[in-house]
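Here is a quick tour for someone meeting this structure for the very first time. Take a look at the sequence and the model, then read on.

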Amino acid sequence: MPYTEYVGDLNKSPSDSRDYRLIRLPNGLVAMLVHNPDESKACAVLDVNVGSLADPPEFQGLAHFCEHLLFMGTEKYPNENEYNEYLSTHGGDANAYTSLEDTCYYFELTYDALEGALDRFSQFFISPLFTADCTDREVRAVDSEHKKNIQSDMWRQYQLGKELSNPNHPFSMFATGNYDTLAGAAQRLGTDLRSRLLEFHARYYSADIMRLVVVGRDSLDQLAEWVVNKFSHIKSKGLTKPLFEGHPLTSNEMGKLIWLKSVQQQRLLDLTFALPDVKPYYHTKPAQYLGSLLGHEGRGSILACLKKRGWATGITAGCFSMSGEGFDTFKITVNLTEPGLEHYADVVRVVFAYIQLMLTKGPQQWYQEELIRIGEIEYQFMEKTGAVSLASTLANTMQNRYLPPEHLLSDGMPPTGFDKELLSWVQGFMAADNVHIMLASHDVEVNLDRTEKHYGIEYRVDAIPSELMRDMYQPPTFAELFLPVANEFIPENLSVKNTSRGAEPVVTPALLRRTDSLELWFKQDDRFFLPHGNVRIQIETPVAYESALNSVLTNVFLQMLKDTLTELTYDAEMAGLWFEVCDNVEGIQVHVNGFNDKLLRLLQTVMETLRGYQVEQAQFEVYKHEVQKQLDNVRHMQPHSHAQSSTNFLNQSMMWRYTDKLAEFEMVTRERLQHFIGALFEQTRVLMLVTGNFEEADALAAGKMTLAVLGSRALPDYARRVPRALLHGAGRFAWQARVPDPENGNSCVVMSIYAGQMADMRERVLLNLISLVLKEPFFDQLRTKEQLGYITYSTGRKHNGGQMTLRLVVQSEVSPAFVALRIARFVGEFHKQLAQMTQDKFESIVNSLRVLLEKKPNNLFEESGLLWKHLNSGYYEFDMKARDLATLAELHKTDLVEFWDRYGNPAMAADHTSLMLPDVVIALHGSLEHDDVRTLALEDVAAFVRTLEGTVVADVDAILDQLIALVLASAEDPKDESLVQAIIKIRNPASYVRTALAMVGEWVDGSSNCESDERVINNTESSDRDSLCNIGAVKAPNGAWIFQDEALFRTTLRQSGAPVPLRKLVPKYT
């Protein structure tokens, strides 16, 4: 089948080793093919140029709903999990997202399975099924996704911006959708949701507005053949993308001051300006020019001025979430302090004073040329990114109709030209009569008289006060405000020091020095041959994490440090350099990355500021409150994040919880902090890794400089605090706690199955295999089929020096007891799936893991991170991948089944250890409440279950009838309409109540029954843990220990031993 190929120069970066081909299929679909011989993963991204702006007003969220349904089976591959199962078998994954104008679908998998994935992927755009059953279930998934976001300030503020935009523009609609705007709307209108979905798909899913990117190891000719054969059958409807007249922000929406109550402790000031569509001006990129000045953080900037007054801690500026064909917006966001919120009007005056400075001075050609120079350097020496990142960015860029083919690959770079008149025109839109102001705070002191309907956001809208508006038109002057000066960090020497290409890259870095104070490792770049460098430093100082108070002091210190460094290092960041300073259980980590020419100069600046820091009272007060606010906001995290954090607490020997830290803030004073900073560096041990475009002498000089700046005495071995893992004995244990945020309607269950030792190579590889096998069926059963929650996943975790775990995670609105039982059911039945797995599928899984292990790092940052992981672990297992690959080659399917039966199978595993929470009574009660039956108390449900004990339950319908009779008998009005609808809901074949009753039936039949407290659990006597009663733990009828004080339970666990190096550590220099 013919296709048209673009024959011009795509102008790829000189450092880009991939090959590209741009083609157009006969149906109008445009595809970019990317050949990368070194890529372990292949991927495809298809972007449809239609998004939530095209939603029918009566079915808001329909584009997003279509994105969910598209993956659920096709005429050629009707099984709804066929696609995901194929990807999972080949080490892959898939996802999608819906934005204002685009719906983007993508997948990745091992490079050798690309053709099969493309065939399945293409069918979604040719003949999707949209079955009625899947339609009903995925409405619930969309609703669950929305409910997950209800307590997210990001989503809340975005939605309020939409609600307060031009009501005649589709931007004002609710893009995510929920049950009410989809299924509820269909019921109210007396129409079929599925038929409206089919209409939407038929109207907009046309090849003409689709852009495809495929990345693989195969030749460009082979990729072209597959794409043409598989995607040419997508129908062409002669469409261009849907366009919408007008602008989301008109004069009616401007001049407003909006107050809103946030969920988290935060104080944000947003100034939003309406812009015309600036996308046609890709040469000059006026929005980037404005953003780089207004969002500047160096001397003379808005932020520097605000920080000096103690009013702000951060700023961003640019075109962000409100942009589409025909319109743009520009937003300046300022992170305010408490005094800054009180002085919000003065903050606005500072912003407009800087805008006035820009208008008075006019566009600066030298500054734009500096941005161009930086962009040219970054593009010439561009580092490689992952396949999915490349493809998704490229697919979206290809939808920009203004962009010619020769600029597709370089569009993400800064501007290429200067146009004074254009920049002056765009700057002119930064005016007082073209802005609205939004203030978000948890502690709003004004009367909030409005409520947004989808998120329940409390807010208020007023006109901008006249006095402030006057000053915005004629802002006062601030002597501290001035335009940036020339950037001294732009790299000059870009030569590459290692020219020995062709040899296989070295796996192990060189140990240059190893003393009581310094362990210095070095690896010159022999893989990428770019002028980049990377330096990582661990300053081991036990004082930093010795107590919860010390952990807080370290956090406050480092946030103040980074605030101080902002002005000193912002030019370096603009010039392609980067730094991070953070705390961990061993002390403080310093990390610098970027062009090597001036990287060590940046490192010295960071280290000298770190060591010589003097605490100023005003800055201290700001960041003490900032850290306290951040810790307080932890309680608003998603339940699955809380559950994961608590699970980590039960597996790590050193970890302070956010509640531990919050309790210490009365002890945090400026004097205590200054004394603490001095104590931090009295005794240290430095671990250092220098990689990239350096010579050995550079690394030695960097190590010498670091020791000289610190000026510390050596930390003796006996004083070191090496992180250890906590070891769990055989048995079943459950920890229960309330979600800290009472407004969050979700709960979470994490089941951790302890499976083998990290140090055992064979068990390590088997855990990786089990994780790959389990991933898709777990998601398919609990997320797709049972619809327990939008967030459903499984993962393998390796605790350094200790046990490995399989974690099964479900966040849900449903009773956590019910969810735990469903997870337990899946675990109990997984042996059968393993035993029935074909040899072909086993070999595919093994091949997937092999490809993952053979994956090469994309860039120096990734390579350095891998080396650092082995150094930090204390094992120095640089050849881990080679060892794991050798082990993998020796494994058989029976090994996998035996591994699961030893650790994971609760019916057989002698070494089974898990954290779980099963209870059929709580599960049934929670399921009734979820389906709106609230007439039965927990004790009523327990009594009902007891009536079934000793009976053989074969007919769930019969039990359901008995339960409904009990519900009606306990109701004040059995004919109440809401109760009638609830009973209809629980009679549904897929209802949670039915599933819970089936589990009740199994329990009373004896399949889930348990012996007395003296029973043997999994062939392991439990009597050795009976002392858990002394810490308040309760032994459930099924033998599981249930505890509520995680800190007390933690004290009963043993610690793993310290890591032992797997190689001799002999330094090159003494």
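Let's begin with domains, whose bounds here come from an automatic or database domain assignment. The protein splits into domain 1 (4–232), domain 2 (256–363 + 418–473), domain 3 (510–719), domain 4 (747–904) and domain 5 (1026–1067). Taken over C-alpha atoms, the centres of domain 2 and domain 4 lie 46 Å apart.

A word on the ground rules. This is a predicted model, in which local features need pLDDT of at least 70 and side-chain atom pairs count only at pLDDT 80 or more, while totals for chains, interfaces and linings use all residues. Residues are numbered from 1 along each chain as its sequence is written, and side-chain values use heavy atoms, with hydrogens and water left out.

**Salt bridges**

Side chains of opposite charge can pair when their charged atoms come close. To count as a salt bridge, a side-chain nitrogen of Lys or Arg has to be within 4 Å of a carboxyl oxygen of Asp or Glu. How many salt bridges does a search of the whole structure find? The search turns up 67. Here are three of them:

| Pair | N to O distance |
|---|---|
| Asp119 and Lys76 | 2.8 Å |
| Arg783 and Glu138 | 3.4 Å |
| Asp932 and Arg934 | 3.7 Å |

Helices (H or I, at least four residues) and strands (E, at least two) are DSSP runs, numbered from the N terminus. As for cover, buried means under 20% relative accessible area, exposed means over 50%, and partly exposed is in between (1.4 Å probe, protein chains only).

Start with Asp119 and Lys76, which form a salt bridge. That pair links distant parts of the chain, 43 residues apart: Asp119 is in helix H3 (residues 114–123), and Lys76 is in the loop between helix H1 (62–69) and helix H2 (82–89). Asp119 counts as buried, at 12% relative accessibility, whereas Lys76 is partly exposed at 46%.

Arg783 and Glu138 also meet in a salt bridge.

In the pair of Asp932 and Arg934, Asp932 is partly exposed at 40% and Arg934 is exposed at 55%. Elsewhere, a network of salt bridges links Arg514, Glu519, Glu540, Arg685 and Arg720.

**A charged patch**

Which residues gather in a patch of negative charge on the surface? They are Glu338, Glu342, Asp443 and Glu445. Patch members have over 30% relative accessible area and no salt bridge, and like charges are joined within 9 Å. Glu342 sits in helix H11 (residues 338–342) and is exposed, with a relative accessible area of 66%.

Most residues other than glycine have a negative phi. Lys285, though, has a positive phi near 50°. Lys285 is placed in the loop between strand E9 (267–275) and helix H9 (286–294), and is buried at 11% relative accessible area. Tyr876 also has a positive phi, near 55°. Look for Tyr876 in the loop between helix H27 (860–873) and helix H28 (880–888), where this residue is buried at 7%.

Key:
Patches are made of residues with over 30% relative accessible area and no salt bridge: like charges are joined within 9 Å, nonpolar side chains (Val, Leu, Ile, Met, Phe, Trp, Tyr) within 5 Å. Accessible areas come from the Shrake-Rupley method with a 1.4 Å probe; for residues, only the protein chains shown count as cover. Lys and Arg count as positive and Asp and Glu as negative; His and the chain ends are not counted. The place of a charge is taken as NZ of Lys, CZ of Arg, CG of Asp or CD of Glu.
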